Amino acid sequence: MDKAEGALFPKLPLDQWIESFEDFLTTYLSTLFDVISNVIEFITGNFVSILEMIPALVLVVVVALLAWWLISWKLGLFALIGLGLINNLGYWPETLETVSLVIVSVLISMIIGIPIGIWMSQKATVQSIITPILDFMQTMPAFVYLIPAVVFFSLGMVPGVVATIIFSMPPTVRMANLGIRQVNAELVEAAESFGATTGQRLGKVQIPLAMPTIMAGINQTIMLSLSMVVIASMVGAPGLGVVVYRAVTQVNIGSGFEGGLSLVILAMLLDRFTQGFNKK
Amino acid sequence: MAVVEAKNLSKIFGKNISQSIKMLDQGMTKEEILKKTGNTVGVNRASFSVEEGEIFVIMGLSGSGKSTLVRLINRLIEPSEGSIIIDGKELATLDKKALRQVRRQKLGMVFQQFALFPHRTILQNAAFGLEIQGMDKTEREKRAEESLNMVGLGSYLHQKPGQLSGGMQQRVGLARALANDPKVLLMDEAFSALDPLIRKDMQDELIDIQDSMQKTIIFITHDLDEALRIGDRIALMKDGSIVQIGTPEEILMNPANDYVEKFVEDVDRSKVLTAGHIMKPPETVGLDRGPKVALRQMKEFGVSTIYVVDKKKKLLGYVTAEQADEANKEGKTIEDVMVTDLPTVKADTLLTDLFEPMADQKAPLSVVDDNGRLIGIIVRGSVIGALAGDEQVLNGNGEVNGNG
Ligand SMILES: Nc1ncnc2c1ncn2[C@@H]1O[C@H](COP(=O)(O)OP(=O)(O)O)[C@@H](O)[C@H]1O
Ligand SMILES: [Mg+2]
């Protein structure tokens with residue numbers, strides 16, 4: 001029995017247990033992981049290709065017009081200048097890859113996270129089981145997710161997306177749960193007193209009223225997934241993260257700043273977009 | 001037939017309910033059970049039945065279990081014990097689907113804080129109950145609009161609830177419940193959040209609606225005046241138990257115990273009792289009789305005035321002994337001498353509204369029915385006696401004891 005220096009008892013083989021669990025998963029669930037991997041690969045790949053097909057100028061103008069039309073002329077102007085700057089600096093392809101990674105991660109987070117949040121809001125037991133899992137997901141250093149992501153999905157865009165989802169999904173789940181629970185109890189009673197089914201109560205009363213909170217959760221998820229971009233690049237996810245990561249390893253302050261600035265512009269745009277929707 | 005019937009209905013909040021139920025059976029109080037087990041007794045073995053078309057008021061102080069009781073009726077709260085029967089169906093045995101059916105078809109609820117859906121327009125709010133039953137849009141909006149018209153909000157269809165005043169919001173709440181055409185309306189302190197004037201309007205309107213639609217209404221309030229005003233019968237609650245059920249008069253005149261007595265002590269009786277409660281049988285003489293007959297009758301009954309009526313008992317006027325005597329001597333008819341200008345009141349006129357006509361008048365007030373027939377008279381002494389709580393001057397339940 002090994003005993004670490006200064007330890008009271010022989011070391012628990014927690015690391016070995018985790019590894020054998022991982023062995024078990026890779027052996028028996030490899031097909032499942034392949035399927036997941038192919039699906040994510042397919043979606044992100046196509047997403048990037050489509051974005052790349054659109055001429056940069058058209059995309060910049062369309063986004064700026066959308067921002068102006070949907071939110072405000074200020075955001076429109078910001079989009080025009082910001083995206084124009086990114087394009088000018090020469091990070092356009094990387095930006096498209098990063099946008100694809102973020103959007104796909106966020107969409108998957110929403111597809112998985114919102115139903116989980118709704119489920120949590122309906123049952124106290126579900127909430128008490130899921131809350132600690134969410135705490136765990138958020139406090140575990142994001143780097144740690146890279147390991148299983150690489151083991152199950154090898155290198156490239158897919159493990160990047162997977163690690164990003166794990167790290168950034170919790171706010172969406174939490175806020176969906178919170179938003180639904182916050183709906184005035186009398187309104188819920190009113191819906192039920194008229195004989196609403198659970199689905200009708202959720203769909204016609206609770207979810208519409210929880211929408212601002214749910215959107216705030218999605219906004220946080222977007223911000224968290226942008227913060228994962230650099231980390232995801234370590235497992236080979238392409239995009240602006242690679243630019244920053246390379247700059248760090250080469251101590252190249254100039255390109256590090258440029259990559260970072262591009263990320264900040266993206267983050268601000270996405271943030272204002274989602275917040276702006278909320279106000280409408 | 002009873003539309004809503006509760007038998008031994010109890011609700012205990014907390015864990016290990018069966019133990020607390022036993023304690024209730026042993027006669028322990030809400031407070032003792034809370035101390036011993038930490039459980040709160042919401043409702044303690046309530047039994048009552050509500051008849052079709054009745055306004056049944058459940059009254060009690062805050063925390064006495066009114067809201068819990070009304071939510072047991074539509075099973076928004078699961079009972080710990082006992083049964084509730086709606087229109088012949090035992091609720092406890094119903095599965096979710098059947099329960100929803102009962103809620104959709106038989107029960108409508110109106111809430112204290114209105115509980116309107118802020119993201120929906122007034123029309124969509126009123127149509128909510130029909131929408132979840134799957135009725136198509138045109139039809140449900142037509143019915144919702146009719147319902148809104150009935151409460152006078154037909155011109156606010158496309159506003160959001162937040163744009164309306166409290167009184168108007170509660171009208172929407174009422175319209176929403178009525179749009180389903182439920183058999184029973186459950187109203188949990190529906191008017192408590194409104195200011196007094198609007199509240200009185202709403203009470204009147206509710207009584208009108210009940211008159212025209214014959215709904216059965218279970219109305220919760222903590223306000224005794226409100227209960228006395230609108231209730232056909234009142235159940236008074238204390239610590240989760242019903243301590244007395246009765247008509248407003250019964251509650252006022254025969255309190256079941258000290259608690260009820262205390263509760264009704266400060267009630268303004270003049271706003272509860274009516275002319276019908278205190279009127280006496282009148283002495284009358286037919287118009288076709290002569291003054292001699294009138295005089296003899298006055299002597300016989302020991303009164304100094306007598307009321308003159310026609311063949312159908314319709315009140316025409318009165319004559320005093322002096323006038324009858326004069327007519328007798330001068331060969332006139334009763335019609336020539338009788339006083340025809342006399343104020344009348346109805347049997348349901350409140351005592352508070354008797355003071356004014358009484359002040360202008362030395363003779364007793366006459367009480368007539370809708371056809372102008374004399375059904376009773378009111379002497380000053382009975383009004384004062386009734387206000388002082390003297391039960392001897394009262395007729396039972398405001399009904400008329402014959403007419404002499
Ligand atoms: N969900 C609940 N959990 C625990 N106790 C409750 C709950 N709802 C009501 N109670 C308790 O039950 C009692 C009756 O409450 P309620 O029916 O709301 O009274 P009222 O409507 O007459 O003011 C109170 O003592 C209250 O604290
Ligand atoms: Mg209450």
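This is a predicted model: local features need pLDDT of at least 70, side-chain atom pairs count only at pLDDT 80 or more; totals for chains, interfaces and linings use all residues.
View 1. Of the 280 residues of chain A, 44% count as buried. The accessible surface of this chain comes to about 14,600 Å², and carbon and sulfur atoms account for 71% of that area. Chain A has 14 helices and 0 strands. Its C-alpha trace spans about 65 × 60 × 40 Å along the principal axes. Among chain A contacts between residues at least 6 apart in sequence, 76% link residues at least 24 apart.

**View 2. The open sheet of chain B.** Six strands are arranged in the order 6-7-8-3-9-10, and their pairing is mixed. Strand 6 (107-110) and strand 10 (241-246) of chain B each have a single partner strand, so one side of each lacks a neighbour in the sheet. From one strand to the next, the twist averages 20°.

**View 3. Pairing of strand 6 with strand 7 in chain B.** The two strands run parallel and are joined by 4 bridges. Strand 7 covers residues 184-188. Leu107(B) has Val184(B), in strand 7 of chain B, as its bridge partner.

**View 4. Helix 3 of chain B against the sheet strands.** Helix 3 (residues 66-73) lies across strand 3 (55-60), strand 6, strand 7, strand 8 (216-221), strand 9 (233-238) and strand 10 of chain B. The helix runs at about 155° to strand 7 of chain B.

View 5. His277(B) counts as buried because its relative accessibility is 2%, under the 20% cut-off. The side chain of His277(B) makes a polar contact with the side chain of Glu249(B), at 3.2 Å.

Terms used
Residues are numbered from 1 along each chain as its sequence is written. Chains are lettered from A and ligands numbered from 1 in the order in which they are written. Side-chain values use heavy atoms; hydrogens and water are left out. Buried means under 20% relative accessible area, exposed over 50%, partly exposed in between (1.4 Å probe, protein chains only). A polar contact is a pair of N or O atoms within 3.5 Å; within protein, one must be able to donate a hydrogen and the other to accept it, and residues adjacent in sequence count only if both atoms are side-chain atoms. Two strands pair if DSSP finds at least two bridges between them. Axes are lines fitted to C-alpha atoms, for helices over the stretch in contact, and angles run from 0 to 180 degrees between N-to-C directions. Contact means heavy atoms within 4.5 Å. Accessible areas come from the Shrake-Rupley method with a 1.4 Å probe; for residues, only the protein chains shown count as cover.
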